[in-house]
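The entries follow in the order in which I went through them.

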Amino acid sequence: MKPRVEVESLSKLYRLGSIGATTVRDTLERITSRFRRSTGTQQKKTPTAPPGRQGPQPDTFWAIRDISFSAKAGEIIGIVGRNGAGKSTLLKILSRITEPTSGRAILRGRLASLLEVGTGFHPDLTGRENVFLNGTILGMKRWEISARFDEIVAFAEIEQFIDTPVKHYSSGMFVRLAFAVAAHLEPEILFIDEVLAVGDAGFQKKCLGKMGEVASQQGRTVFFVSHNMGAVRSLCDEAILIHDGRLTRQGKPDEIIREYLSVTTPSETTGLSDISWKDGDAPGNDDIALERVRLVGDDGDTLEVFAADEPIGIEIHYHVKRRIQGNRFHMVLRTQEGELAFAATDHLYQPESQLPGHYRTKCTIPARLLNLRTYVMAVGCGIPGVRWLIPDRECLSFTVSGIGNQASHYPENWPGVVCPAIDWKVEAMEPSAAISS
Amino acid sequence: MAIPELQTSPPAKPEPPDYEIHIEARTGWLRVDWREFWEYRDLLFVLVRRDFLAKYKQTVLGPLWFIVQPLLNTLVFTIVFNKVAGIATDGIPPLLFYLCALLPWGYFAQNVTTGAATFTTNAHLFGKVYFPRLIVPVSSVISNLFALGLQFVVFFVFAAWFGLRGDAVYFGPAILLSLPLLLITAALSLGLSLLISSSTAKYRDLSHLTPILIQLWMFATPVIYPLSKLTGGDGSWAWIAWMNPMAPVVEGFRYSLLGRGTWQGAMLGVSAIASVIILFLGIVAFGRAERTVTDSA
């Protein structure tokens with residue numbers, strides 16, 4: 001059987017500067033230069049040549065380049081990559097919103113794409129009218145919507161408001177209705193962008209469940225772009241990693257997630273627990289730049305795996321290039337699956353201003369706070385309410401493991417992103433009761 | 001919540017196994033996939049309905065607004081052009097004279113103004129989901145028919161009233177001629193709106209110019225004066241009527257609904273051919289523009 005989706009060296013070239021308004025003069029220049037080229041005075045243009053072979057064109061860039069993969073019926077494929085890596089462009093081409101510059105794709109079956117929820121919703125129309133509007137925009141037939149209408153409304157849990165204009169809906173109701181329409185799409189091929197980032201967690205789960213069900217039972221192929229590694233891992237059979245417009249890897253979600261975490265960290269890493277940057281590509285700006293971040297254990301050694309009963313030290317080395325005032329470092333800790341554990345900032349500890357020079361800020365996550373998980377940490381710096389100095393970037397990753405004498409206190413698969421040691425006390429309230437240990 | 005999959009009517013037609021969508025850089029100049037357009041006819045229907053519903057939601061007069069505007073226009077024309085400027089109306093009661101011409105002209109102007117903004121008003125939609133873009137301007141040409149229908153009713157009400165008062169009012173088989181005239185109007189306005197929207201996709205300049213062009217065009221069309229003003233006399237203005245595909249259409253409406261005015265067969269032939277050519281050019285231009293419009297939006 002032929003694959004459901006075949007993508008062959010798909011590439012998309014964007015012309016910088018043509019975004020937004022073009023002037024008539026630019027167009028005239030382009031036309032005249034094309035004319036000159038066609039008269040043979042310049043190098044011959046070969047649009048079919050593989051991308052990358054063409055001469056450097058200063059005002060263009062390849063949003064995606066030479067991407068090939070295929071997918072079978074019933075597969076759920078996660079597409080992961082950093083922001084700006086080209087995931088959205090790929091999705092836009094495959095959902096036919098924009099054309100590729102070269103390469104091709106063959107999709108066998110009906111196609112629906114969900115790049116946002118509630119596309120085309122009209123605020124003045126009722127929920128009922130919008131279900132039909134949104135559904136047909138997404139490619140459903142009217143009879144299909146009628147047949148599933150009650151199911152959609154029940155799924156959205158808004159039965160009594162279905163004949164109210166959606167502008168009177170709460171944002172939660174709006175999103176639920178929009179999701180419900182989307183969840184009842186039944187194309188052979190479905191593309192879903194980060195849309196699941198909105199809506200409350202319970203409803204998200206319901207939608208994910210519905211989509212998983214749809215894929216496995218009815219043999220649909222689902223493509224799923226997400227930064228939520230937990231969802232990618234639990235939902236997808238396979239994942240592909242897009243990095244700088246290229247497909248770097250296709251494989252099992254676990255492998256791809258690991259690889260994703262490693263490409264989201266900058267070059268020159270020695271593992272994921274000690275990263276230093278050269279002057280040129282260090283995160284930062286003309287005022288301040290990172291030099292090194294590192295995870296240290298109690299004894300000052302760089303560590304990647306921490307015992308649960310061990311404090312986790314984070315060292316941030318940075319270079320202040322100009323006198324700055326009011327800058328604050330912060331770090332955001334997430335589980336590998338993308339759930340936020342906590343965020344912390346040094347605003348009570350940082351001096352009011354810093355003169356040019358090299359500094360080191362250190363903080364410590366106390367022992368017995370985190371659960372037995374792999375965590376990803378982002379570090380950033382800014383002047384609160386004024387501007388970013390160093391945008392957040394996920395750079396460090398470490399694992400808390402049960403080794404050490406605390407191990408017996410942590411059952412395997414204990415839920416929660418943190419698992420703090422809490423004081424418990426049992427007291428006997430009457431003389432006849434007794435506590436023996 | 002496992003709901004058994006019920007067979008819903010009509011019987012789910014098995015998806016042809018060779019149903020394939022090919023995605024690649026399209027070439028060629030005529031890029032319309034009519035089969036796909038037909039596949040999306042439900043969307044066309046729903047969009048027409050949306051236009052109609054959304055237009056009068058939260059208004060007191062509701063669909064009455066579709067007739068208030070031409071009536072006010074007629075009133076202004078009667079006062080300014082007939083009473084003050086003294087432009088003759090071929091012996092027809094001025095109110096009927098203007099109202100009749102405003103039927104095709106109002107439809108034409110409405111189609112061009114809404115259709116010309118297709119890419120700008122739908123940029124968000126186009127950037128998020130694919131469907132044949134041509135559906136949108138076609139749907140507004142269809143939904144504007146509702147307003148036209150209501151205006152027709154108003155026109156006949158007034159015609160009857162004038163008839164009862166003893167004015168000479170025509171009601172005869174020539175009314176059927178208004179259908180081909182409407183077809184020309186629809187084709188011409190759709191073609192123009194496609195041309196304008198394709199060019200505004202890249203340069204917004206034309207969107208500022210459109211309302212002015214429409215207004216000037218109205219003065220070059222026998223809306224406030226009879227066509228005989230252009231073709232009569234020494235005929236030195238006749239070229240305007242020949243150049244303007246809307247001129248014989250508007251005059252033809254008077255002939256068909258009021259039994260007065262002139263039926264310009266040759267001029268209408270030119271007008272029909274011009275409309276078809278403009279529609280064709282519009283479709284070609286639109287097909288080119290829709291490929292890349294989301295990249296520059």
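Which order do the strands of the open sheet of six strands in chain A have? I noted β5-β6-β7-β3-β8-β9 of chain A, with mixed pairing; strands here are DSSP runs (E, at least two residues) and helices likewise (H or I, at least four), numbered from the N terminus, and two strands pair if DSSP finds at least two bridges between them.

Before going on, I wrote down that this is a predicted model, in which local features need pLDDT of at least 70 and side-chain atom pairs count only at pLDDT 80 or more, while totals for chains, interfaces and linings use all residues. Residues are numbered from 1 along each chain as its sequence is written, and chains are lettered from A and ligands numbered from 1 in the order in which they are written.

Back at the sheet, I found β5 and β9 (246-251) of chain A at the edges, each pairing on one side only. Within the sheet, I looked up β3 (76-80) and β8 (238-243) of chain A, which run parallel and are joined by four bridges; A:Val80 stands opposite A:Leu241 in β8(A).

I then turned to the interface, where 45 residues of chain A are in contact with 33 of chain B (C-beta atoms, placed from the backbone, within 7 Å). On the side of chain A that touches chain B, β4(A) gives the most, with six residues. I also saw that five bridges join β4(A) to β1 (20-24) of chain B, the two running antiparallel, and that A:Ala105 has B:Ile23 as its bridge partner in β1(B).

Technical notes
Two residues are in contact if their C-beta atoms, placed from the backbone, lie within 7 Å.
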